[in-house]
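I opened this notebook to keep a record of what I looked up in the model, entry by entry.

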Amino acid sequence: MIKGTNADCKILNISVSETTATITLLIFATVSTNPAKSFAFYVQDEGSQEKKQLNNYTYWVDRYINYNFNANNVDTNKNKEIILNIDITNGNTANISDRHWTRNCYILLCDTNKTFNNVAWSSGKLSLISDEFEVPKVKNIIMNPTVTEYNYVKEKETAKLGISFDLEFTSEKDFNYNNKNFLATLNVRSLSTDSVLETKQVAKTTSLHNIVETDSFYEFDEKIVIELLITDNKGNLFSTDRKIFTPRKKYSKSAYVKTDTGIKKVIAFYINADTDKEHEGEWLK
């Protein structure tokens, strides 16, 4: 029963589309509540004290006439189906299990006229599981010869490095659904020690084609390892890809490339090597 009323509430159905759970509830009664009482729906995660309102509606058990034409007031009239939507990702902070977002929570119906202890009805624990999402494949890791900033350090020529890579999804629809789940991080590592020389987060959200430029300068003819990590927003690792590159200066002044910002002169080129053939260290496996 809903406290302070003659009505009850029950869940009729739960369905999931991608990362949204749609909950259908029924508020019902055989005897009217007089005077009518107002309530709002909230969601509360397991282990949390915070309650978040699910929509802007005020639900009246059973009927109230003094709305002043406010469309956000809803009468239950002793029998009312109500549909609520819950973000299973909880703003990309929920847990992930086997390529599914999971969220354990409760739906609460709270008396709007009470400040404390206002929970009038609570569902049982809901274990919401999203549709399976696809982990993208990393393709075409290339060190781009489009970097324009270089200098000399101890008589050795150095340059910032531009790295591009593609993410491959099964379809554009899969990309639009799945992409918000991932972050891409670039590590530049020493070939000899595997120590991380620099870390760059590629973007808050990744795209099908991505370009990132290092902040540090690296010597020409000194091999380095480029490592790309695909993680979720909580740092759980889904894939790791490594490539060995040798930056080499491009001496020809006749080569140009087309970039997003216009035509650029090529100042260097890079050799893309297979990590298994170039290094026998266990850390590359």
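Predicted model: local features only at pLDDT ≥ 70, side-chain atom pairs only at ≥ 80, totals over all residues.

Residues are numbered from 1 along each chain as its sequence is written, and side-chain values use heavy atoms, with hydrogens and water left out.

**Entry: Cys9.** I looked up Cys9 and found its place in strand β1, strands being DSSP runs of E of at least two residues and helices runs of H or I of at least four, numbered from the N terminus. Cys9 has 6% relative accessibility and therefore counts as buried. Which residues does Cys9 touch, not counting those up to four places away in sequence? With contact taken as heavy atoms within 4.5 Å, I listed Ile2, Leu25, Leu26, Ile27, Phe28, Phe41 and Trp121. For Trp121 I also noted the separation from Cys9, which is 112 residues in sequence and 7.5 Å in space, C-alpha to C-alpha.

**Entry: the sheet around β1.** I then followed β1 into an open sheet of 3 strands, whose order is β1-β2-β7 and whose pairing is antiparallel; two strands pair if DSSP finds at least two bridges between them. At the edges I found β1 (8–17) and β7 (79–87), each pairing on one side only. Between β1 and strand β2 (residues 20–28), which run antiparallel, I noted 9 bridges. One residue I checked here was Lys10, whose bridge partner in β2 is Leu26. The charged end of Lys10 sits over the ring of Phe28, 5.5 Å from its centre, the criterion being NZ of Lys or CZ of Arg within 6 Å of the ring centre and within 35 degrees of the ring normal.

**Entry: aromatic pairs.** Searching the whole structure gave 4 aromatic pairs, where rings of Phe, Tyr and Trp (its six-membered ring) pair if their centres lie within 6.5 Å, and planes under 30 degrees apart count as stacked, over 60 as edge-to-face and the rest as tilted. Because Phe41 lies in strand β3 (residues 37–45) and Tyr59 in strand β5 (residues 58–61), the pair ties together parts that are 18 residues apart in sequence. Tyr57 and Tyr59 form a tilted pair, with 6.3 Å from centre to centre and 50° between the planes.

**Entry: β15.** I found 6 of the 7 residues of strand β15 (residues 162–168) buried, so the strand is largely enclosed by the rest of the structure. β15 pairs with strand β18 (residues 209–213) in the antiparallel sense over 5 bridges, and Ile163 has Val212 as its bridge partner in β18.

**Entry: the whole chain.** Finally I noted that the chain has 2 helices and 24 strands, and that buried residues make up 43% of its 285 residues. Among contacts between residues at least 6 apart in sequence, 60% join residues at least 24 apart.

Definitions and conventions. Buried < 20%, exposed > 50% of the residue type's maximum accessible area, 1.4 Å probe, protein only.
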